[in-house]
Amino acid sequence: ALFLVLLYTSPAGLVLYWTMNNLLSLVKNVFYKLRRPLFVLYVLAAAVSLAGIAATLFAAHGMKVGTCLTTNMISRSLTNQLILDQFNSVTMENSMKPDATLSQKKSKANGSLTVEFNRDAKKMLDWAKENGIAMRGHTLVWYSQTPEWIFHEDFDSKNAFVDREEMLSRMESMIRGTFEQIEELGYGDVIYAYDVVNEAWMEN
């Protein structure tokens, strides 16, 4: 319980924890039934040691190995160091999704859809830049975690829906505004890729 409280407060973290917990339980059960347990232990130790240079090996071949990222993860020394040791790419869990990057107040004032990165997004972008870790942007167009008000007149969910042409215009404004914000804030060298459309196909 203490491990959960100290290290993992995000959904992704919990998934990682339970996955590792089940995996370790399986390894333990197998370990007790082996004739040469010490040999297996040496192999596992070697595997852990090799994992520590995974990011370096991937980078040497121009490849990325990444993980999701939250401000909680980088504010704790253990998880922060784990990410720095094991990965060369990160993706924000939620802070670059539409409901986090779009400002309703400024959109109403400007009369056009306005992008404004929040404090968490800037903190993680600064962290990535300071540590030389590439970041994948996630995401621009998605049916989920997109505020309802962007579909309505005057950016107010109480008003009528706008037409198709207006929505296409707003989508273009959002995409353009996102990349303008990245350049204005000096993060152009941090973002190496961006998920433009997420989960475009229906499950059925």
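Which residues is Asn-198 in contact with, leaving aside its neighbours within four places in sequence? I opened the notebook with this question, and I kept in mind throughout that the model is a predicted one.

**Entry 1: Asn-198.** I located Asn-198 in the segment after E4. Leaving aside the neighbours within four places in sequence, I found Asn-198 in contact with His-138, Thr-139, Val-141 and Trp-142.

**Entry 2: the chain as a whole.** I went through the elements of the chain and noted ten helices and four strands, which run from the N terminus on as α-α-α-α-β-α-α-β-α-α-α-β-α-β. Of the 204 residues, 34% count as buried. For the accessible surface I wrote down about 13,100 Å², with 58% of this belonging to carbon and sulfur atoms. I also looked at contacts between residues at least 6 apart in sequence, and of these 65% join residues at least 24 apart.

**Entry 3: helix H10.** I turned next to H10, which covers residues 164-184 and has 21 residues. From its first C-alpha to its last, H10 reaches 30 Å, close to the 30 Å expected at 1.5 Å a residue. I listed its buried residues as Met-167, Arg-170, Met-174, Gly-177, Thr-178, Gln-181 and Ile-182. Seen down the axis of H10, these buried residues fall within an arc of 130 degrees, so I recorded that they line one face of the helix. I asked what the buried residues of H10 pack against, and I found helix H7 (98-101), strand E3 (134-141) and strand E4 (191-197). On the other side of H10, I noted Glu-165, Glu-183 and Glu-184 as exposed. H10 is followed by Gly-186, and I recorded its phi as positive, near 85 degrees.

**Entry 4: helix H6 and Ile-83.** I repeated the exercise for H6, whose buried residues are Thr-79, Asn-80, Ile-83 and Gln-86. Seen down the axis of H6, these residues fall within an arc of 155 degrees, so they too line one face of the helix. The face of H6 turned away from this buried side carries Ser-77 and Leu-78, which are exposed. From this helix, which spans residues 77-86, I picked out Ile-83, a buried residue with a relative accessible area of 5%. Not counting residues up to four places away in sequence, Ile-83 touches Thr-67, Leu-69, Met-73, Val-90 and Trp-127. For one of these, Met-73, I also looked up the C-alpha separation from Ile-83, which is 8.6 Å for two residues ten apart along the chain.

**Entry 5: rings.** I counted three aromatic pairs in the model. Are the two partners buried or exposed? Trp-149 counts as buried at 10% relative accessibility, and Phe-155 counts as buried at 5%. Last, I looked at a charge beside a ring, and noted that Lys-64 lies over the face of Tyr-192, at 4.8 Å from the ring centre.

Note on methods
Residues numbered from 1 in each chain as written. Predicted model: local features only at pLDDT ≥ 70, side-chain atom pairs only at ≥ 80, totals over all residues. Heavy atoms only, no water. Helix = DSSP H or I, 4+ residues; strand = E, 2+ residues; numbered from the N terminus. Buried < 20%, exposed > 50% of the residue type's maximum accessible area, 1.4 Å probe, protein only. Contact = heavy atoms within 4.5 Å. Phe/Tyr/Trp six-rings, centres within 6.5 Å; stacked < 30°, edge-to-face > 60°. Lys NZ or Arg CZ within 6 Å of the ring centre and 35° of its normal. Expected span 1.5 Å × (residues − 1). Arc of directions from axis to C-beta. Areas by Shrake-Rupley, 256 points an atom, 1.4 Å probe, with all protein chains shown as cover.
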